[in-house]
Amino acid sequence: KGWQEPAVKEALDLCLSCKACKHECPVSVDMASYKAEFLSHYYEQHRRPLAAHVFGFIDRWSRWASVAPGLANFFSQHEPFASAIKGAVGIAHERRLPAFAPRSFAKHFRREHGQGFGDATQGDVLLWPDTFNDNFHPQVAQAAAEVLRHAGWRVRVPRTHVCCGRPLYEFGLLDDARRYLLRTLDVLGDDLRAGVPIVVLEPACLSVFKEELPMMLPKHEQAKRLKQQSMLLGDFLLEHEPAQPFEPLARDALVHMHCHHKSVLGTNGENEWLKKLQLRVNEPDTGCCGMAGSFGFEAAKYDVSLRCAERALLPALRAAAPDELVIAGGYSCREQIAQSGGRQALHLAEVLRMAMP
């Protein structure tokens with residue numbers, strides 16, 4: 001009966017799924033996983049809101065939009081269509097709907113580079129094309145491909161569409177999440193067995209491979225390989241010495257780390273590269289940016305989202321000099337910074353590309 005309690009759902013509704021609780025709690029209570037499990041059971045007896053299907057299956061809508069991104073953007077970026085979409089889904093009217101890129105990174109990469117990009121003096125590496133960097137910020141994935149090539153690797157992407165399913169957990173769509181993971185293991189099958197490293201750009205995606213995947217498929221050998229072989233760009237380049245150097249940038253930089261980066265993955269790799277680039281880092285105790293995936297887009301949670309950002313992140317952005325770099329690894333973090341802070345944040349991949357001779 002407890003799985004159906006509206007009061008429990010109401011209490012969990014404001015959980016950001018940041019996983020800080022698991023990192024900071026002495027007994028590692030994982031409220032994000034509990035929330036996903038609760039919602040899975042709760043919606044067996046209740047109708048899921050439209051937002052669950054829109055945000056949860058954002059990879060599906062993004063793939064369809066990539067066929068005609070101009071048309072999709074016409075409706076999402078212009079009135080009265082944008083307001084109608086936000087009203088139907090329950091998105092705060094203050095939010096701007098993200099625009100789809102003119103072309104997705106993965107489709108362009110497969111068409112232009114076929115079997116790989118680079119000389120492979122160090123070997124092959126698979127670049128994970130997450131939904132958000134693939135369809136909304138392809139410049140991040142492109143920068144990562146160029147950085148990895150510069151470091152001596154032949155870059156490849158999965159042969160067809162894949163998604164870690166992270167948004168599905170936020171709405172308790174666990175059966176679909178399991179199907180997504182099984183499909184991913186099938187698509188990556190040969191590369192996993194061959195031990196090919198997988199570089200992931202979005203911390204929220206990598207945390208799926210490190211935490212949710214072992215819980216969902218605890219005895220699956222390919223799942224164990226994916227957990228072991230996947231890592232963030234900074235950690236990968238720290239573990240494998242680049243074939244060519246990066247030049248110091250010697251600039252001021254305001255840095256905001258993604259919640260899963262801090263609580264699940266560890267920030268050593270990113271911090272070491274910021275030092276190597278001789279950046280003068282200002283990393284305030286920002287906590288969660290408040291966007292937290294789709295959380296900050298929902299109308300009912302918009303005020304909470306802004307209050308999270310106003311605690312430290314937005315004041316730091318207002319105090320930052322116009323020429324100071326703003327660095328954030330998470331897509332939702334960069335979206336919060338752009339929409340609420342008026343600044344364009346860079347991914348580490350873009351910063352490293354700036355440091356290429």
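Helix H6 (residues 69–77) packs against helix H7 (residues 81–89) at an angle of about 80 degrees, and their axes are 5 Å apart. That angle makes H6 roughly perpendicular to H7 (65 to 115 degrees; under 35 counts as roughly parallel, over 145 as roughly antiparallel, and the rest as oblique). Axes are lines fitted to C-alpha atoms, for helices over the stretch in contact, with angles from 0 to 180 degrees between N-to-C directions. Phe74, Phe75 and Ser76 of H6 meet Phe81, Ala82 and Ile85 of H7, where contact means heavy atoms within 4.5 Å. The residues of this contact are five nonpolar, one polar and no charged. Ala, Val, Leu, Ile, Met, Phe, Trp, Tyr, Cys and Pro count as nonpolar, Asp, Glu, Lys and Arg as charged, and the others, Gly among them, as polar.

The model is predicted: local features need pLDDT of at least 70, side-chain atom pairs count only at pLDDT 80 or more, and totals for chains, interfaces and linings use all residues. Residues are numbered from 1 along each chain as its sequence is written, and side-chain values use heavy atoms, with hydrogens and water left out. Helices (H or I, at least four residues) and strands (E, at least two) are DSSP runs, numbered from the N terminus.

An open sheet is formed by three strands in the order S6-S5-S7, with parallel pairing; two strands pair if DSSP finds at least two bridges between them. Strand S6 (280–282) and strand S7 (325–328) are the edge strands, each pairing on one side only. Strand S5 (residues 252–256) pairs with S6 over three bridges in the parallel sense, and Asp252 has Arg280 in S6 as its bridge partner.

On a 1 Å grid over the protein atoms alone, a cavity is a set of points where a 1.4 Å probe fits but cannot get out, and a pocket is an open set with protein on both sides within 12 Å along at least five of seven lines; lining residues have an atom within 4 Å of a point. Grid points are joined across faces, edges and corners, and a volume is the space filled by probe spheres set on the points.

| Space | Volume |
|---|---|
| Largest pocket | about 990 Å³ |
| Largest cavity | about 80 Å³ |
| Second largest cavity | about 30 Å³ |

The largest pocket is lined by 47 residues, of which Val54, Phe55, Ile58, Phe132 and Phe136 are the closest to its centre. Its lining comprises 34 nonpolar, eight polar and five charged residues. Residues lining the largest cavity include His261, Glu270 and His347.
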